[in-house]
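Hi,

Here's the structure I promised to pass along. Have a look at it first, and then read on for what turned up.

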Amino acid sequence: MEQRDFVKSILQHPLIRNHCRIEEYKRNIIVKTPGTLITEIGIVLKGYLKAIIYSRCGKEMCETIFGPNSIVLEYLHFSGDKRSTYNLGSINQCQICWIPIENFSKVVLEDPEFSKMYIRQLAKQGLENQRLITCLGYKTVRERIAYWIISGGNSAMESTEATELEFPVSQEVFSEILHVTRSSLNQELQKMSADGLFAVKRNVLKNIDYAKLVNEI
């Protein structure tokens with residue numbers, strides 16, 4: 001909720017509202033490339049993107065997933081990097097609000113109220129990144145699925161007492177987050193459903209049995 005509040009508030013700030021532009025991108029589009037000079041900060045309004053780097057043998061490696069209300073490129077800017085260090089690619093059709101870096105910096109660094117909100121937003125993002133790192137520490141697809149569900153699944157889920165959980169947009173995005181192939185994810189979801197851990201209905205997991213899931217990890 002706080003992340004959405006921060007994004008909503010900053011987009012309404014006159015210094016942002018009057019000096020931003022909104023761009024739409026189709027799926028599988030490279031939005032930014034390594035070496036691109038960072039002159040703008042992006043706020044994801046719709047869709048999902050990923051930060052991509054490539055191994056020495058050319059294998060694509062997904063570093064981070066950016067969903068709605070995520071902020072892109074600001075980590076690089078505030079850490080001192082003036083240019084992008086990764087490919088920013090769209091996973092599905094998305095929409096980004098681009099804000100001049102000097103305007104974004106002025107608002108979040110010089111306005112005390114926005115500074116507090118931004119610090120809270122960064123803290124929550126840090127916790128989410130730590131949760132993802134822990135998730136990827138599990139070796140099997142089954143363990144990663146179980147941990148992802150138990151630890152919250154997505155930011156909208158506030159209690160493990162909930163018996164339903166939506167995928168982040170689609171199984172394709174979910175497989176990107178878990179760093180597994182879509183086919184292996186789908187196969188394991190069907191096996192776990194057959195074992196009574198949950199039921200899969202399109203992009204929703206229903207009748208989640210948390211007690212059984214805990215035993216999987």
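Let's start with a sheet: four strands form an open one in the order β1-β8-β3-β6, with antiparallel pairing. Its edge strands are β1 (21–25) and β6 (71–72), each of which pairs on one side only. By "strand" I mean a DSSP run of E with at least two residues, and by "helix" a run of H or I with at least four residues, both numbered from the N terminus. Two strands "pair" if DSSP finds at least two bridges between them.

Before going further, a note on the model: it is predicted, so to speak of local features we need pLDDT of at least 70, side-chain atom pairs count only at pLDDT 80 or more, and totals for chains, interfaces and linings use all residues. Residues are numbered from 1 along each chain as its sequence is written, and side-chain values use heavy atoms, with hydrogens and water left out.

Back in that sheet, β3 (residues 40–46) and β8 (residues 94–100) run antiparallel and are joined by six bridges. Ile-41 stands opposite Ile-99 of β8 there.

Then there's β7 (residues 87–90). In a regular strand, side chains alternate between the two faces of the sheet. Here Asn-87 and Gly-89 point one way, Leu-88 and Ser-90 the other, and all are buried. "Buried" means under 20% relative accessible area, with exposed over 50% and partly exposed in between (1.4 Å probe, protein chains only).

Who does β7 pair with? One partner is β2 (residues 30–32), antiparallel over two bridges, where Ile-30 has Gly-89 as its bridge partner. β4 (residues 49–54) also runs antiparallel to β7, through four bridges, and Ala-51 is bridged to Leu-88.

Now the whole chain. It has nine helices and 11 strands. The radius of gyration is 18 Å, close to the 17 Å that the globule rule gives for 217 residues, so the chain is as compact as a globular protein of that length. (That radius is taken over C-alpha atoms, and the rule is 2.2 Å times the number of residues to the power 0.38.) The C-alpha trace spans about 55 × 40 × 25 Å along its principal axes.

Buried residues make up 45% of the 217. Of the contacts (heavy atoms within 4.5 Å) with a separation of 6 or more, 70% are between residues 24 or more positions apart.

Cheers
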